[in-house]
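Please look over the sequence and the model below before reading on. The briefing that follows goes through a few features by topic.

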Amino acid sequence: NSALITVVSTAIICLLGALTAYPLARRTTLGNRVVFSAIVGLIMIPPLSILVPLYSLLNQLGGINTYWGAIVIMVVTQLPLSVFLYAAFMRSLPIAIEEAATVDGASTTQTLFQVVFPMLKPVTATVIILTSVSIWNEYALSVFVLRSPDVRTIAPTISTFVASQGSNLGAAAAAALISVVPVLLAYLVLQRYFIKGMVAGAEK
């Protein structure tokens with residue numbers, strides 16, 4: 001359950017984040033600056049502060065105890081950070097490359113997918129690590145949205161298991177360690193891009 005929700009949510013966040021950040025990074029109009037400032041402001045809103053309206057909306061739509069409901073929650077809460085990171089990275093990319101592609105006859109869509117996207121590997125690795133770790137470890141939202149044991153993610157499951165094994169600290173520690181392994185493997189695979197993506201937007 002956790003793997004499915006994490007993989008699908010992270011893929012959607014990366015795609016939507018890159019598509020949203022591109023016009024915000026390349027067209028510095030007043031409207032885009034206002035939108036970007038609003039997105040940055042959303043990063044500072046704690047997800048639990050919007051739990052009640054989100055829960056009510058999902059309940060009306062039949063999204064409680066469903067994979068798609070959990071994915072929507074994760075995408076909504078993690079997308080602003082993704083847009084911020086992608087926009088900061090894109091501003092550090094030389095626009096001359098995109099201008100050259102346009103001169104060669106490439107459309108805006110072709111330039112985005114064939115020229116810009118291939119250059120986003122460092123920041124994409126950063127977004128994947130940050131969002132996947134956050135989604136994988138998400139407890140507070142998951143425990144309300146996914147109450148059925150059949151769709152419950154790993155964090156609430158580990159919590160329930162540890163509570164039931166209160167006197168068996170070895171089993172509790174083993175369960176917690178197992179939950180960390182996938183995230184650790186993802187970081188080891190993507191670590192060479194992670195630092196590049198974190199600092200890429202800091203200088204041109």
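This is a predicted model: local features need pLDDT of at least 70, side-chain atom pairs count only at pLDDT 80 or more; totals for chains, interfaces and linings use all residues.

Which residues touch the most other members of the largest nonpolar core? They are Ile5, Tyr86, Met90, Leu120, Val123 and Val127, in a core of 37 residues.

**Whole chain**

- The protein chain has ten helices and zero strands.
- The chain holds 204 residues, and buried residues make up 37% of them.
- Take the contacts between residues at least 6 apart in sequence: 79% of these join residues at least 24 apart.

**The largest nonpolar core**

- Of the 37 residues in this core, Ile5, Tyr86, Met90, Leu120, Val123 and Val127 have the most other members touching them.
- Two or more residues each come from helix H1 (2-26), helix H2 (30-43), helix H3 (51-61), helix H4 (67-91), helix H6 (108-116), helix H7 (121-137) and helix H8 (140-145).
- The element that gives the most to the core is H4, with twelve residues.

**Helices H4 and H7**

- How do the axes of H4 and H7 cross? They come within 10 Å and cross at roughly 160°.
- H4 is roughly antiparallel to H7, because angles over 145 degrees count as roughly antiparallel.
- The crossing in which H4 passes H7 is right-handed.
- On the H4 side, the contact is made by Met74, Gln78, Leu81, Ser82, Leu85, Tyr86 and Phe89.
- On the H7 side, the contact is made by Pro122, Val123, Thr124, Thr126, Val127, Leu130, Thr131, Ser134 and Ile135.
- By type, the residues of this contact are ten nonpolar, six polar and no charged.
- Tyr86 of H4 and Val127 of H7 take part in this contact, and both are among the core residues that touch the most other members.

**Asn65**

- Where does Asn65 lie? Asn65 is in the loop between H3 and H4.
- Phi of Asn65 is near 65°, which is a positive value in a residue other than glycine.
- Is Asn65 buried, exposed or partly exposed? Asn65 has 30% relative accessibility, so Asn65 counts as partly exposed.
- The reason is that buried means under 20% and exposed over 50%, with partly exposed in between.

Key. Residues are numbered from 1 along each chain as its sequence is written. Side-chain values use heavy atoms; hydrogens and water are left out. A nonpolar core is a set of buried Ala, Val, Leu, Ile, Met, Phe, Trp, Tyr and Cys residues joined through side-chain atoms within 4.5 Å. Buried means under 20% relative accessible area, exposed over 50%, partly exposed in between (1.4 Å probe, protein chains only). Helices (H or I, at least four residues) and strands (E, at least two) are DSSP runs, numbered from the N terminus. Axes are lines fitted to C-alpha atoms, for helices over the stretch in contact, and angles run from 0 to 180 degrees between N-to-C directions. Angles under 35 degrees count as roughly parallel, over 145 as roughly antiparallel, 65 to 115 as roughly perpendicular and the rest as oblique. A crossing is left-handed if the near helix is turned anticlockwise from the far one by less than a right angle, and right-handed if clockwise. Contact means heavy atoms within 4.5 Å. Ala, Val, Leu, Ile, Met, Phe, Trp, Tyr, Cys and Pro count as nonpolar, Asp, Glu, Lys and Arg as charged, and the others, Gly among them, as polar.
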